[in-house]
Amino acid sequence: MTGSRGRTDTTSPLDTGNDPPTADDLFDTLDERGHFFEHPARATPAKALPAAEDKHYHGHRERLRLRFRDSGDGALADYEILELLLFRLIPRRDTKPVAKALLDRFGTLAGVFGATPALLQEVKGIGEAVALDLKLVSAVAQRTLKSEIRNKTVLASWSSVIQYCHAAMAHEPREQFRILFLDKRNTLIADEVQGHGTVDHTPVYPREVVRRALELSATAIILVHNHPSGDPTPSRADIDMTKTIVETARPLGITVHDHIIIGKDGHASLKGLRLI
């Protein structure tokens, strides 16, 4: 081979017979070793690591799927249910830490799906696309619950009404005022959000509530709003506003069946509390 100084030699730079190696010979040897060994030594671990990780994730994912298939959701913890969903949304990553981080941040599965996309993205591993997919799951769940009260006598499906309202409003970061409009058979005509407010107040205009009921030919309404604090106990303002709507609607043949206040951990019924 040809050395760095133009010397032609068929032996290794260190193989010089009885002559001791020179400093130049040593530098030639180091250069050759660097050429043949340095780059493969760096590349080998980088190629091997993802393959091992992928094998681990795939085996874990398959075991979790089989548990769900064979035993149902009762055999899985909340974080494992969430992990199963995240398998679909994050295909090449260990999703267990992400699932646990979501539950640590929002407390419950309901809290995760009720969180806003912006808050979801504050959790490491959740990007915009995954946040929107989680909100899509939430929307599907709400639509499913709403279908349970559509075209049915609402007063006979009261637990379904509460479940739907809780899913739709319990984790809203601001107060939301919703009205369920009913026909003379107490069947749901429309479900509308009339206004959004702050963390502890929503402006409500009784005349607008009644006007909208007349537009829809509703003969009864159910008022619903949430308390972002989590405590569904009605305030004095809640009670006074409800009484004003009742008094405004009654002369026009519109009945206010109830005013439900939704909190994260429960609900309060003003009718049940005999406040209306």
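Leaving aside residues within four places in sequence, Leu273 is in contact with Pro234 and Ala268, where contact means heavy atoms within 4.5 Å. The model is predicted: local features need pLDDT of at least 70, side-chain atom pairs count only at pLDDT 80 or more, and totals for chains, interfaces and linings use all residues. Residues are numbered from 1 along each chain as its sequence is written, and side-chain values use heavy atoms, with hydrogens and water left out.

**Overall organisation**

The protein chain contains nine helices and five strands. In sequence order the pattern is α-α-α-α-α-α-α-β-β-α-β-α-β-β. Of the 276 residues, 38% count as buried; buried means under 20% relative accessible area, exposed over 50%, and partly exposed in between (1.4 Å probe, protein chains only). Among contacts between residues at least 6 apart in sequence, 55% join residues at least 24 apart.

Leu273 lies in the segment after strand E5 (266-269). Leu273 counts as partly exposed because its relative accessible area is 47%. Ile162 belongs to helix H7 (residues 158-169) and counts as buried because its relative accessibility is 13%. Residues up to four places away in sequence aside, Ile162 touches Ile260 and His267. The C-alpha separations of two pairs are tabulated below.

| Pair | Separation in sequence | C-alpha to C-alpha distance |
|---|---|---|
| Leu273 and Pro234 | 39 residues | 9.7 Å |
| Ile162 and Leu145 | 17 residues | 9.7 Å |

**Charged and aromatic side chains**

Glu83 lies in helix H2 (residues 78-89). Glu83 is buried yet has no salt bridge, the nearest side chain of opposite charge being Lys96 at 5.3 Å. A salt bridge requires a side-chain nitrogen of Lys or Arg within 4 Å of a carboxyl oxygen of Asp or Glu. For charge, Lys and Arg count as positive and Asp and Glu as negative, while His and the chain ends are not counted. Beyond residues up to four places away in sequence, Glu83 touches His60, Leu64, Asp94, Thr95, Lys96 and Ala99.

Lys100 lies over the face of Tyr79, at 4.7 Å from the ring centre. A charge sits over a ring if NZ of Lys or CZ of Arg is within 6 Å of the ring centre and within 35 degrees of the ring normal.

Notes
Helix = DSSP H or I, 4+ residues; strand = E, 2+ residues; numbered from the N terminus.
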